[in-house]
Amino acid sequence: MASNSLAHEQKILATRDREMIPTGLIIACVVLALSSLALVSYAQYTDAPNVGQPDVAAVTNERMLTLEGSRNGSVIVTDVATGRTASFASNESGFVSVITRGLERKRMIADVEGNPPVRIVEFENGRLALQDPASGWETELAFFGQTNRDAFAQFLR
């Protein structure tokens, strides 16, 4: 009797284990991957324009800054031209600290030594970007919302 119940439990477990990932889900994942490949191949073959890139515009204002972050999240921003500094404590640095950490990471990957200045660039069409000539990294600051854009726009005044 005990061997019957053990065999029955093993059969139930074998059935359950076989159905842990439903076959329909696997098929859907394969169809999604192949569809993505087909769409990208079609776009490349037909020379479709890149639509996810920001519009090209003339530079209206720019400033060279150094961003110096600390482990506790505080950031010191220095204007290279004037030497003026702005200090942000860890509880008020917010987005500036996030961008500084991203910059430090990109520079580490690119083997950039020291802390060379970055450019804050405002374009004619309202775009605001941070560009790092040392690592080649650029990020569109307006994409993170108006409040975060304003955190860097203040350095252009």
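Leaving aside neighbours within four places in sequence, Ser93 is in contact (heavy atoms within 4.5 Å) with Gly73, Val75 and Phe88. This residue sits in the loop between S3 and H3, where helices (H or I, at least four residues) and strands (E, at least two) are DSSP runs numbered from the N terminus. Ser93 counts as buried because its relative accessibility is 4%, given that buried means under 20% relative accessible area, exposed over 50% and partly exposed in between, with a 1.4 Å probe and protein chains only. The model is a predicted one, in which local features need pLDDT of at least 70 and side-chain atom pairs count only at pLDDT 80 or more, while totals for chains, interfaces and linings use all residues. Residues are numbered from 1 along each chain as its sequence is written, and side-chain values use heavy atoms, with hydrogens and water left out.

**Overall architecture**

- The chain contains four helices and six strands, and from the N terminus on these elements follow the order α-α-β-β-β-α-β-β-β-α.
- With a radius of gyration of 26 Å, well over the 15 Å that the globule rule gives for 157 residues, the chain is more spread out than a compact globule; the radius is taken over C-alpha atoms, and the rule is 2.2 Å times the number of residues to the power 0.38.
- Taken along the principal axes, the box filled by the C-alpha atoms of the chain is roughly 90 × 50 × 30 Å.
- Of the 157 residues in the chain, 24% are buried.
- Among contacts in the chain with a separation of 6 or more, 48% are between residues 24 or more positions apart.
- Carbon and sulfur atoms hold 57% of the accessible surface of the chain, which comes to about 11100 Å² by the Shrake-Rupley method with a 1.4 Å probe, where for residues only the protein chains shown count as cover.

- Asn61, which is found in strand S1, touches Ile120, Val121, Glu122 and Leu156 when residues up to four places away in sequence are not counted.
- Gly94 belongs to helix H3 and is partly exposed, with a relative accessible area of 43%.
- In helix H4 (residues 146-153) the buried residues are Arg149, Ala151, Phe152 and Ala153, and the buried residues of H4 pack against S1, helix H3 (94-109), strand S4 (118-123) and strand S5 (128-132).
- Ser93 and Pro133 are 40 residues apart in sequence, and their C-alpha atoms are 23 Å apart in space.

**Loop residues with positive phi**

- Asp47, in the loop between helix H2 (23-45) and S1, has a phi near 55°, a positive value in a residue other than glycine.
- Asp47 counts as exposed, at 68% relative accessibility.
- Asp111, in the loop between H3 and S4, has a positive phi of about 55° although it is not a glycine.
- Asp111 counts as exposed, at 65% relative accessibility.

**The largest pocket**

- About 230 Å³ of space lies in the largest pocket, a pocket being an open set of points on a 1 Å grid over the protein atoms alone, where a 1.4 Å probe fits, with protein on both sides within 12 Å along at least five of seven lines; grid points are joined across faces, edges and corners, and a volume is the space filled by probe spheres set on the points.
- The largest pocket has 13 lining residues, and those nearest its centre are Asp79, Arg84, Ala86, Gln154 and Phe155; a lining residue has an atom within 4 Å of a point.
- Strand S1 (59-69), strand S2 (75-79) and strand S3 (85-88) are the elements that give two or more residues to the lining of the largest pocket.
- The lining of the largest pocket divides into five nonpolar, four polar and four charged residues, where Ala, Val, Leu, Ile, Met, Phe, Trp, Tyr, Cys and Pro count as nonpolar, Asp, Glu, Lys and Arg as charged, and the others, Gly among them, as polar.
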